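Trainee: I'd like to learn how to read a sheet, its aromatic contacts and a pocket. Could you walk me through them?

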Amino acid sequence: MGSSSNTSYNDSGAIYVAGSVQGGNFNQQRLTSLSQNTTLQAEVNASNSLTSTTMKSSLGSLSSQLSKLQATGSYSVNNKNKVTFNATANKSGIAVIDLTGSNSTALTAFKEFAFNVDKSISTLVFNVDSSNISIAANFLANSSQKLASNIIWNFYNATQISLSNQFGGSILAPNASLTNYNEINGGVYVNSLTQRGSINLATFNGVLPAVPEPETYLLLVLGGALLCWRQQRRQPLKTF
């Protein structure tokens, strides 16, 4: 809904940019008006009904709610470079892994992430309480793409997040500034973004632990607060 600078648009379907376009490529149909696509028009109308204050409040409430979930899973260290996250679901099909306190070192101390996730699990939540987070691990077995629509990384206390390698899952950090240096597969819900790698939106299709405020679920379904199209640029919270 804003302008686009030096950004390439790939994949199938169509793309609409409301503002000016400088550089980049459109490797798909470019719409000149939202009226050309009724589905996209409906989604834009729905997102326009939400203010930035409402979005931040709703996403903050969801983050707080998820942070209180009891852990159902665990992690195991396979060798000095690899950690495996073992997901066990509760009766709602939600698995929760606690990466708070000393457990948070699992995010920074290892170079490889492996995931042991049963097909019956609809949502895998990682609760992380660190304020400054830097992750440089590789997601093994193409898990950054396979699990992208079912993971929520809940960085509920984060103010700074840096991702060096390919990353998978929705990043929920309403108060954080995020910098990605590589590909993200998933939704991005943060306060500001410095984009130095691609973001491939994977709409969340898991379940939430309780019925949230309607606008919160809408944000997750639409991809919500993915922040900006521009590379190496910071913007305030917005939707597109």
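Mentor: Happy to! Keep in mind that this is a predicted model. Let's begin with the sheet: it is open, with 4 strands in the order S5-S6-S8-S11 and mixed pairing.

Trainee: Which are the edge strands?

Mentor: Strand S5 (74-77) and S11 are the edge strands, since each pairs on one side only.

Trainee: How do strands pair, and in which sense do S6 and S8 pair?

Mentor: In general, the strands of a sheet pair through backbone hydrogen bonds, either parallel or antiparallel. Here S6 and S8 pair in the parallel sense, over 6 bridges. To see one of them, look at Val-83, whose bridge partner in S8 is Phe-113.

Trainee: Now the rings. How many aromatic pairs does a search of the whole structure find?

Mentor: The search finds 13 aromatic pairs. One of them joins Phe-85 and Phe-115, with 5.5 Å centre to centre and 40 degrees between the planes, and it is tilted. Phe-85 lies in strand S6 (residues 82-87) and Phe-115 in strand S8 (residues 112-117), so this pair ties together parts that are 30 residues apart in sequence.

Trainee: Why is the pair of Phe-113 and Phe-139 edge-to-face?

Mentor: Because the planes of Phe-113 and Phe-139 stand at 65 degrees, the pair is edge-to-face; the ring centres are 5.6 Å apart. This pair links distant parts of the chain, with Phe-113 in strand S8 and Phe-139 in strand S11 (residues 138-139), 26 residues apart. Both Phe-113 and Phe-139 are buried.

Trainee: Which residues form the aromatic cluster?

Mentor: Tyr-75, Phe-85, Phe-113, Phe-115, Phe-126, Phe-139, Trp-153, Phe-155 and Phe-167 form one cluster. Elsewhere on your ring list, Arg-30 lies over the face of Phe-26, 4.6 Å from the ring centre.

Trainee: And the pocket? What lines the second largest pocket?

Mentor: That pocket holds about 230 Å³ of space. It is lined by 17 residues, and the closest to its centre are Phe-115, Asn-116, Val-117, Lys-146 and Leu-147. S8 gives the most to the lining, with 5 residues; S8, strand S9 (123-128) and helix H4 (143-146) each supply at least two.

Trainee: How does the lining divide by residue type?

Mentor: The lining of the second largest pocket has 10 nonpolar, 4 polar and 3 charged residues.

Key: Residues are numbered from 1 along each chain as its sequence is written. This is a predicted model: local features need pLDDT of at least 70, side-chain atom pairs count only at pLDDT 80 or more; totals for chains, interfaces and linings use all residues. Side-chain values use heavy atoms; hydrogens and water are left out. Rings of Phe, Tyr and Trp (its six-membered ring) pair if their centres lie within 6.5 Å; planes under 30 degrees apart count as stacked, over 60 as edge-to-face and the rest as tilted. Buried means under 20% relative accessible area, exposed over 50%, partly exposed in between (1.4 Å probe, protein chains only). A charge sits over a ring if NZ of Lys or CZ of Arg is within 6 Å of the ring centre and within 35 degrees of the ring normal. On a 1 Å grid over the protein atoms alone, a cavity is a set of points where a 1.4 Å probe fits but cannot get out, and a pocket is an open set with protein on both sides within 12 Å along at least five of seven lines; lining residues have an atom within 4 Å of a point. Grid points are joined across faces, edges and corners, and a volume is the space filled by probe spheres set on the points. Ala, Val, Leu, Ile, Met, Phe, Trp, Tyr, Cys and Pro count as nonpolar, Asp, Glu, Lys and Arg as charged, and the others, Gly among them, as polar. Two strands pair if DSSP finds at least two bridges between them.
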